[in-house]
Amino acid sequence: MSLGIPQLSLVIWVPILAGVAVLFTGSDRNAALARWLALLGALAGFLVAIPLYTGFDTLNPGMQFTEMHPWIETFNINYHLGVDGLSVLFILLTSFTTVLVVLAGWRVIEKKVAQYMAAFLIMSGVMNGVFASLDAILFYVFWEAMLIPMFIAIGVWGGPNRVYAAVKFFLYTLLGSLLMLVAFIYLYHVSGGSFEILDYQKMPIPMVPQVLIFLAFFTAFAVKVPMWPVHTWLPDAHVEAPTGGSVVLAAIMLKLGAYGFLRFSLPIVPDASHMLSGFMITLSLIAVVYIGLVALVQGDMKKLIAYSSISHMGFVTLGIFLFNAYGMEGALVQMLSHGFVSGALFLCVGVMYDRVHSRQIADYGGVANRMPMFAAFFMLFAMANSGLPGTSGFVGEFMVVMGAIKSNFWYAFFAATTLVFGAAYTLWMYKRVVFGKVANQHVEQLSDIGLREFVILALLAVAVLAMGIYPLPFTEVMHASVNGLLNHVAQSKLY
Amino acid sequence: MSFTLPDLVPVLPEIFLLVMASAILILDLFLTDENRFISYALTQITLLGCAWITLAGSDGQVIHTFGGMFVRDPMADVLKVMVYIAVSVQLVYSRQYIRPRGMYRGEFFVLALFAMLGMMIMISAANFLILYLGLELLSLSLYALVAMQRDSASAVEAAMKYFILGALASGMLLYGLSLLYGATGSLDIGTVAAAIHQGVGDHIVLAMGLVFVVAGLGFKLGLVPFHMWVPDVYQGAPTAVTLFIGSAPKIAGFALVMRLLVEGLQGTVHDWQGMLVIMAVLSIAIGNITAIAQTNIKRMLAFSSISHMGFLALGFASGTLNGYSSAMFYVLVYVLMSLGSFGMIMLLSRQGFEAENLEDFRGLNQRSPWYAFMMLLLMFSMAGIPPTVGFYAKLAVLQAALQAGLLWLVVAAVLLSVVGAFYYLRVVKLMYFDAPKDTAPIVADSDAWVMMSANGLAILALGILPQPLMALCVYSLQSIQHSL
């Protein structure tokens, strides 16, 4: 077990300090040093995260690895960390993804290497902080601090329209989060001066404030997820961000929104969550169906995957607001799976973009002829994205559909359309890009993936397949906490 | 007729400052331009001496002297030390800037010291007239400082505007104070508070006086609708002077509001609360929205200062001790940020070139990653994004306002700070995302470099550990608790 080592602090601060160290390597003359240092930092970050999984007590629905130190006594704010089955896997996912992001940017990023690597390392630590915080203000600090490196990453290393995308990303998320801050301050006063999330979860709250708090949380988390109709920042941010940025956005940042619903909305304002679940489910289904159709007509691969992400995240929010074990565990599995699959798809697009410098589907065709190994990996991830049994994509979607059937046939009906649309847009894109005759000069000159790219994609492929074939190691971790949350949500907090 | 000497111990910092300022004024007459550094060094030594005297005498007691006209309490001690620090930092930033601009003269330092004396008197005033005298000493020194660059038309115009509007504001304040005198029969802050508490005096006269006092305060702090002088003066004045106006006097402004509205007029809190609420929300709105349209960074920061003063007013508007200590935290943090951002403008300026347009920050990350990073911290702190200290300042004020039941005001302030985030982000965007237009190397003296680094890192360090400064604010205001 913990042996008194502050493990959660380690997963937060090791990457951040590594990032600061990388920053001090300075100009691009020391680019190689910056890269190796960053890789070392990312690996160290992943290594310190592993004990969280191996030492995790799967039967305990409460918080584990807790750390508690007074931080700002004036407002009774504590440095309070802890993880449960809802959050621990995301810390692992974050630390794992960071290694891939560092590797993915190894060759491609040529200017300001140190700043690039540092931004992603710091972001990784900060995102771990979001998942591990048990104090509302600590959570908020990490939640907002995350925006700064991402803003810089999109704006400095992004595509032609990067400034617009970066500013839009920042302002959208800031607007949502500030209303959440107001809700926190309100809860602070109502609870008699506590910023403890666990205190809020136990506190009775009348209906009207519950609804207002729910809406405040909703603006913060729905923007982050993103749910229809506040999703419009995501396609812009994804398209303009460098590959690493897209991967982190898709694999982790979107999960933060869904995690917020699980950690805040449901347990703190359960009655409002029940009352507004119809509303949430409707928005989720619109995301699944409508955004799925929007994805179908995209000509830009990154945009297509971005819309596919929104559609898949619709599944996640649907599962959360079904209020049954299948739905909620399905949502969590889907979050993890989407973390691997969407990250992998963005990396695949990145691999092609690095060679051809185009993301347009129309500029490709017959890639399989020149890059057979790459095509095989891409195939696997495309299949996982469409929810093929045996891949991780299937497990989550299947569980959510099961949960939906229990609740209402039509929910399940609309949710299940994703299996058709998802397959349609993913495989159609795959067909146009990879199969057929070699389309043009650029594709003619393509060379297959090298060792570095192989390692990245192979790691992800293993994760996707492992989760698809034997999901138990993942689901058993979340089981106790999901049941605990469902029992908690079932009890009214009205008085 | 017997004459007893008042207790001079509480006034020692002021006496020392006055003596030193006069000495520097005389000494400087005998200095040539080559060894002007002596005046500068003496000024810094004076500040250090003041800090030492203030800290040595600080014992957490409330001591009145000069027949109850002057008070030394923990709040006064803390605020004075902050003023010394702000002035000292300002002088470090300014030294390199004022030299090629013909302002590196003894008058600059002496006027700064006299302005500081005015601030200290305001901070320690326990009587309306003393408060007013301190304010005028500060204002007159600032008018002269703004006009110091005589051959700059914009500086002279700014000085004129500042003087006329400042005099008008002083007049309003004085008129309000005289009405208060009429209603309560005293100029002593404690006596006025007691009279209001006992319900002495005509409420109409009192309210009338209060309106003029609040308007006067609004002028001095630069709150909407009394903000018109702020952008012009900030833009027109030499940056070194803008920095001066935008930093330490805000602390004195905080003390002014504390002494007048809280210690003197807390009994009428329901009357002035409403006025402050309106001024706060208008300031935050107009400050933030107008700042977006600016291309001159000094003018942009002027509008930003209006919105920050709106937040300060929001802290006061909550009318509780919690709100006042939040406001104090806010003003100290604001001064720290203001020092850094105007300091940065001066660092980027050089002989014959003012880095006062937003465009001049283009590509700063390529010219100097360190300065760009410092400016990034400053801008995110101004926008209130954690982990910078600006966030906790906003948090403190917002929680106090919410506690006072001003929920909709808090929501409005929060939404408007998203608008504010936009123009701070634009500076970051220019520095990081764009290529530099100006490729001249940035030459800065090592003292300015060290100061800028300390300034920027303080923003970050206080953002990670804000507790000491917050505790200091709570400590300084404990002695005014009894007047609530």
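The contact between the two chains takes 24 residues from chain B and 29 residues from chain A, two residues being in contact if their C-beta atoms, placed from the backbone, lie within 7 Å. This is a predicted model, in which local features need pLDDT of at least 70 and side-chain atom pairs count only at pLDDT 80 or more, while totals for chains, interfaces and linings use all residues. Residues are numbered from 1 along each chain as its sequence is written, with chains lettered from A and ligands numbered from 1 in the order in which they are written.

**Chain B side of the contact**

- α17 (389-403), α18 and α20 (467-477) of chain B each give two or more residues to the side that touches chain A; helices (H or I, at least four residues) and strands (E, at least two) are DSSP runs, numbered from the N terminus.
- α18(B) provides the largest share of that side, eleven residues.
- By class, the side of chain B that touches chain A has 19 nonpolar, four polar and one charged residues (Ala, Val, Leu, Ile, Met, Phe, Trp, Tyr, Cys and Pro count as nonpolar, Asp, Glu, Lys and Arg as charged, and the others, Gly among them, as polar).
- Helix α18 of chain B covers residues 407-433, 27 residues in total, and reaches 37 Å from its first C-alpha to its last, close to the 39 Å expected at 1.5 Å a residue (the expected span is 1.5 Å times one less than the number of residues).
- Of the 27 residues in α18(B), 20 are buried; a residue is buried if 20 or more other C-beta atoms lie within 10 Å of its own, exposed if 12 or fewer, and partly exposed in between.

**Chain B as a whole**

- Chain B has 20 helices and two strands.
- Along the principal axes, the C-alpha atoms of chain B fill a box of roughly 65 × 60 × 40 Å.
- Buried residues make up 60% of the 484 residues in chain B.
- Of the contacts in chain B between residues at least 6 apart in sequence, 80% join residues at least 24 apart.

**Nonpolar core**

- The largest nonpolar core has 409 residues, and V83(B), V146(B) and I251(B) have the most contacts inside it; such a core is a set of buried Ala, Val, Leu, Ile, Met, Phe, Trp, Tyr and Cys residues joined through C-beta atoms within 7 Å.
- Helix α14 (residues 321-348) of chain B gives the largest share of this core, 19 residues.
- Not counting residues up to four places away in sequence, V83(B) touches M116(B), M119(B), M120(B), A248(B), I251(B) and A252(B).

**Hairpin of chain A**

- Strand β1 (residues 64-72) of chain A is joined to β2(A) by six bridges, and the two run antiparallel (strands pair if DSSP finds at least two bridges between them).
- M68(A) has H80(A) in β2(A) as its bridge partner.
- Strand β2 (residues 77-83) of chain A has six of its seven residues buried.
- Four residues lie between the strands of this hairpin, where N76(A) takes a positive phi near 55 degrees.

**Backbone details**

- The peptide bond from V224(B) to P225(B) is cis, with omega near 5 degrees, and P225(B) is in the loop between α8 (203-221) and α9 (229-236) of chain B.
- P386(B) and P387(B) are also joined by a cis peptide bond, with omega about 5 degrees.
- F65(A), in strand β1 of chain A, has a positive phi near 55 degrees.
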